[in-house]
Amino acid sequence: MCQDCGCHEGGKDYFHDHEHSQSIELEKSILEHNDHIAHHNWHYFDDHKMEVFNLMSSPGSGKTRLLEKTLQMLGDKKKISVLVGDQQTDNDAQRLMGKGGRVKQINTYSSCHLDASMIEKEIGPFITGEEEILIIENIGNLVCPASFELGEKHKVALLSTTEGEDKPNKYPVLFHKASVVVITKSDLIPYLEWDLEKTKQNIRMINPNARIILTSAKTGEGMSEWCDYLCQKNS
Amino acid sequence: MHELSIARSVINSVEKICHDDHFGKVSEITLDIGTMSGVSKSALLFCWPLATKQTLLEECHLVINEIPLTLECLACNLKSSPEVFIMCCEHCGSGQVRIETGNELKIKNMEAY
Ligand SMILES: Nc1nc2c(ncn2[C@@H]2O[C@H](COP(=O)(O)OP(=O)(O)OP(=O)(O)O)[C@@H](O)[C@H]2O)c(=O)[nH]1
Ligand SMILES: [Mg+2]
Ligand SMILES: [Zn+2]
């Protein structure tokens, strides 16, 4: 039984004796423990009327740069906190510091993704419940973060124009789960052989209902649409 | 390589069951892994012997059932099993489909004594 809320985690009945090897039906989710913590996080965020976004993409797609610009644009209008995950260094937190929100770096060392317990640990020490928006920048990785619920309300996938059109097809799990796909670095389109319509088609094959926002953190293109998206459920 | 985390989750939950129900050793574990779960069978098999070292699952045989993707179309009600992941009905082309199987990430059963 869960110590925090008394709910039953798993709780499947099975029988056995101790004479012989027994076959025991479990039908248990492998990620039950993570999902359970994520569920608690979700309720905490919901109780505190926080909108929580989990940003996922390959390394270097522009998550931190998008957030730098986001904090500059929204920092004085909304109470925003950012948790930024990387295996090592606090480079990303340094870049975000002083841009218009509270920032904390999480280092995962060997782990290639954030999990729900890493977020749970920040409730209290960093997450106060006062924030209107919490943005979690996940580890740069198109595969692993997609499997781990954090308790977020919204999954956001980033896809930069330099990554080609077919990443959604090659890494469908993440793009399928995202409610929004932010295409980044639109300012580079003139220099690339990259097709926006083809990319959008590929995203829709994997996730017909995803909202797609084309942005450049450099020129500011699409940034107000992105900021409106962050704020809309919140206002 | 989050398969190591996946292996650890399996080991932790199985050890907890063994502890609660007084099993001393696990000889076989069967998992259902959907092709859309994001978990690689070969990577999981690769890290399994190492992850189970000095646990009740040491030398436990790992069986992985790979569950293929099947879609149910909300427009024409027919089912399809596309080879590659695509949210599109093979029969009528509708994008309004529901994933019926392929997301599994489950411990099916265990042999213990
Ligand atoms: N031209 C251009 N460059 C960009 C844009 N956004 C990001 N970049 C550059 O792309 C590089 C990677 O950007 P980051 O923001 O560090 O990417 P990230 O996704 O946070 O990377 P990781 O945290 O390491 O996964 C940096 O050199 C950025 O300046 C953009 O809109 N236009
Ligand atoms: Mg970053
Ligand atoms: Zn159909």
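Guide: What follows is a set of questions about terms, each answered from the values. Keep in mind that this is a predicted model.

Visitor: Why is Thr64(A) called buried?

Guide: Buried means under 20% relative accessible area. Thr64(A) has 4%, so the word applies.

Visitor: And why is Glu137(A) called buried?

Guide: The cut-off is again under 20%. Glu137(A) has a relative accessible area of 2%, so Glu137(A) is buried.

Visitor: Now ligand 1. How do you know that Lys63(A) makes a polar contact with ligand 1?

Guide: A polar contact needs a pair of N or O atoms within 3.5 Å. An N or O atom in the Lys63(A) side chain is 2.8 Å from an oxygen atom of ligand 1. The pair therefore qualifies.

Visitor: What makes Gly62(A) and Glu137(A) pass that test?

Guide: For Gly62(A), a polar backbone atom is 3.0 Å from an oxygen atom of ligand 1. For Glu137(A), a polar side-chain atom lies 3.0 Å from an oxygen atom of ligand 1. The limit is 3.5 Å, so both pairs count. The protein covers 75% of the 650 Å² of accessible area that ligand 1 has on its own.

Visitor: Which residues come nearest to ligand 1?

Guide: There are 18 residues around ligand 1, and Lys63(A), Thr64(A), Arg65(A), Arg95(A) and Asp187(A) come nearest. By class, the shell divides into 3 nonpolar, 6 polar and 9 charged residues. Helices α2 (63–74) and α3 (91–96) of chain A each supply at least two of its residues. The largest share, 3 residues, comes from α2(A).

Visitor: Turn to chain B. How do its dimensions compare with a compact globule?

Guide: A compact globule of 113 residues would have a radius of gyration near 13 Å, but chain B has 17 Å. The C-alpha atoms of chain B fill a box of roughly 55 × 25 × 15 Å along the principal axes. Buried residues make up 49% of the chain. Chain B holds 2 helices and 6 strands, in the order α-β-α-β-β-β-β-β.

Visitor: Why is Ser5(B) called partly exposed?

Guide: Partly exposed lies between the buried limit of 20% and the exposed limit of 50%. Ser5(B) has 21%, so Ser5(B) falls in that range. Ser5(B) lies in helix α1 (residues 3–21) of chain B.

Visitor: What makes Tyr109(A) exposed?

Guide: Exposed means over 50%. Tyr109(A) has 54%, so Tyr109(A) counts as exposed. Tyr109(A) is in the loop between β4 (102–107) and α4 (116–120) of chain A. Its phi is near 55°, a positive value in a residue other than glycine.

Visitor: And why is Asn77(B) called exposed?

Guide: Asn77(B) has 57% relative accessibility, and the limit is over 50%, so the label holds. Asn77(B) lies in the loop between β3 (70–73) and β4 (79–80) of chain B. Asn77(B) has a positive phi of about 70°, although not a glycine.

Technical notes:
Residues are numbered from 1 along each chain as its sequence is written. Chains are lettered from A and ligands numbered from 1 in the order in which they are written. This is a predicted model: local features need pLDDT of at least 70, side-chain atom pairs count only at pLDDT 80 or more; totals for chains, interfaces and linings use all residues. Side-chain values use heavy atoms; hydrogens and water are left out. A residue is near a molecule or strand if one of its heavy atoms lies within 4 Å of it. A polar contact is a pair of N or O atoms within 3.5 Å; within protein, one must be able to donate a hydrogen and the other to accept it, and residues adjacent in sequence count only if both atoms are side-chain atoms. Accessible areas come from the Shrake-Rupley method with a 1.4 Å probe; for residues, only the protein chains shown count as cover. Helices (H or I, at least four residues) and strands (E, at least two) are DSSP runs, numbered from the N terminus. Ala, Val, Leu, Ile, Met, Phe, Trp, Tyr, Cys and Pro count as nonpolar, Asp, Glu, Lys and Arg as charged, and the others, Gly among them, as polar. Buried means under 20% relative accessible area, exposed over 50%, partly exposed in between (1.4 Å probe, protein chains only). The radius of gyration is taken over C-alpha atoms; the globule rule is 2.2 Å times the number of residues to the power 0.38.
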